[in-house]
Number of protein chains: 2
Amino acid sequence: MKTFYNQDENYVNEMLEGILSAHPDMLKKVNGEIRAIARADAPIDGKVAIATGGGSGHLPVFMGYVGKGLLDGAAIGNVFASPSMNQMLTLTRAINGDKGVLYLYGNYGGDIMNFDMASEMAEEEGIKVKSLLVTDDIASGEKGNESARRGVAGIFYAYKVAGACADEGSSLEEVYNTTKEALEGIRTLGVAISPCTVPGADKPSFSLAADEMEIGMGIHGEAGIRREKRKSADEVTQDMMDLLQADLPINKGRRSKYLVKVFKLSWKLFLYTSTLKHLKH
Amino acid sequence: MKTFYNQDENYVNEMLEGILSAHPDMLKKVNGEIRAIARADAPIDGKVAIATGGGSGHLPVFMGYVGKGLLDGAAIGNVFASPSMNQMLTLTRAINGDKGVLYLYGNYGGDIMNFDMASEMAEEEGIKVKSLLVTDDIASGEKGNESARRGVAGIFYAYKVAGACADEGSSLEEVYNTTKEALEGIRTLGVAISPCTVPGADKPSFSLAADEMEIGMGIHGEAGIRREKRKSADEVTQDMMDLLQADLPINKGRRSKYLVKVFKLSWKLFLYTSTLKHLKH
């Protein structure tokens, strides 16, 4: 992979230093722990605090959504690795106002283990915590086995719903219930055309032939549903819509058509952006 | 290049359709011309209108900056090609309120020819127009030959200054003079590590060896100052700062140090983003 950075081992911390220096009015590290980033004005009384966390390497997920109307803080792990229980607990203490903390994060083993431990520790300190897992990726678990599904791009909508609900002064239970209901209507699907190379690694995490794409690949390169020949943007969009609608049918005629249209247009926009990245690199 | 789109020839228009559909409250095409995009609320009386234009293929430059506090509209050409005089004139008519129009765009031959013709046509119709070229790229012209320099990333600051000045109700002359003064303090420099492939082309526009970078390359792949072995982020930052400071010295000790620091941190952030793009593709 051709890119710039300094020492591999400083990559995540230097990225965080840069972000903190660019936005000192919006973000801060808590208790000297650069892997626990909170809103500059945390803790906020009268508002449920929302925390997330996860590995680095896929910004803006997760810390890119810390801010007004969204998250109160994020714990940040190494590339594709969970942050530690201590980082989560440090963050929890720093963002807890007087209405408790919602943990809202993607369905990955390491994150679950550490957030569950942090939750227990926080409860022992008298901080009220509830946890919600995001499982929007239909490619990583069969219908009926939704709990196996990973959290990917759909986590943004969950953040937004939870953040708006918390901003209205709702209780922890209300923010939890509203966000849970929203999550039941969120489904996503990814398509990959090329692999990533983790900083420090000497080769990409996997390979895809020049004319291949993989439907349903996860954000760390987890295997998807199938590989096939690359298609046009419109064809890929239709395939994705078919899979999404089969998983969570939208039955009201006009609404469904509207959604397909919006999705197709979003997709074109995404494709354009994606193409631009190729143009630039 | 591995990416998704439909027919090459529909690439730019489909991108614009997507952006317009995503932001119907903010943007509109004017007179059915999708290559002339304006703020949805244009024309705005009491405010100088600011227009830009240029080729496609390097979003968010240029149309990504159409909006409140920034530009009133942009004319959009094909990939790396100037929009036509007619597209610029159509745009000019649509955004002109009662205080005239400032053309603010990058220093490229085709754009200059077409904007100059559009300016003459608009003046004949009684629309007051002034033009400012952005020439921030120190790599494309020697010191003393600034008029040879291309407009690149620094154009954003010119947009912001002009947009803020216009929002305050300044006259066309005031917006012109304020933006011109700002431009005299804007210098940028680019470093490239890989080429782009224009949609429809069968190979990248140029090649760079796996361990090479090019200092000063333009946004369309124009030759820079020199090629050399790739360095660490900190080393590249120092080299860039040395070139920028030699071109426009910053003499007040503390301010200079501060700028280097801010620049280094921005750079780290950029590098991180840049690296992410590689990770994702």
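## Charged pairs and a domain interface

A:Lys128 has a relative accessible area of 44% and is therefore partly exposed; on this scale, taken with a 1.4 Å probe and protein chains only, buried means under 20%, exposed means over 50%, and partly exposed is what lies in between. Before going on, some ground rules: the model is predicted, so local features need pLDDT of at least 70 and side-chain atom pairs count only at pLDDT 80 or more, while totals for chains, interfaces and linings use all residues. Residues are numbered from 1 along each chain as its sequence is written, chains are lettered from A and ligands numbered from 1 in the order in which they are written, and side-chain values use heavy atoms, with hydrogens and water left out.

Back to A:Lys128. What does it pair with? Its salt-bridge partner is A:Glu173, with the closest N and O atoms 3.2 Å apart; a salt bridge here is a side-chain nitrogen of Lys or Arg within 4 Å of a carboxyl oxygen of Asp or Glu. A:Glu173 sits in helix α5 (residues 172-183) of chain A and A:Lys128 in the loop between α3 (109-124) and β6 (129-134) of chain A, so the bridge ties together parts 45 residues apart in sequence. Helices (H or I, at least four residues) and strands (E, at least two) are DSSP runs, numbered from the N terminus. A:Glu173, at 32% relative accessibility, also counts as partly exposed. Over all chains, the rule finds 30 salt bridges.

Now look at chain A as domains. An automatic or database domain assignment sets the bounds, giving domain 1 (8-187 + 251-280) and domain 2 (191-247) of chain A. Between these two domains, 22 residues of domain 1 are in contact with 25 of domain 2, contact being heavy atoms within 4.5 Å. Together they bury about 2,200 Å², 68% of it on carbon and sulfur atoms; that area is the accessible area (1.4 Å probe) the two parts lose on being put together, summed over both.

The interface has its polar side too. The rule finds 2 salt bridges across it, and 4 residue pairs in polar contact, both residues at pLDDT 80 or more. A polar contact is a pair of N or O atoms within 3.5 Å; within protein, one must be able to donate a hydrogen and the other to accept it, and residues adjacent in sequence count only if both atoms are side-chain atoms. On the domain 1 side, helix α7 (residues 253-280) of chain A gives the most, with 8 residues. That side divides into 11 nonpolar, 3 polar and 8 charged residues, where Ala, Val, Leu, Ile, Met, Phe, Trp, Tyr, Cys and Pro count as nonpolar, Asp, Glu, Lys and Arg as charged, and the others, Gly among them, as polar.

In chain B, B:Asp247 and B:Arg187 form a salt bridge at 2.8 Å. B:Asp247 lies in helix α6 (residues 233-247) of chain B and B:Arg187 in the loop between α5 (172-183) and β7 (191-192) of chain B, so this pair ties together parts 60 residues apart in sequence. B:Asp247 is buried, at 6% relative accessibility.

Salt bridges that share partners also join A:Arg226, A:Glu228, A:Lys231 and A:Asp239 into one network. A:Asp239 is in helix α6 (residues 233-247) of chain A and, at 17% relative accessibility, counts as buried. Its side chain makes a polar contact with that of A:Lys231 at 2.5 Å.
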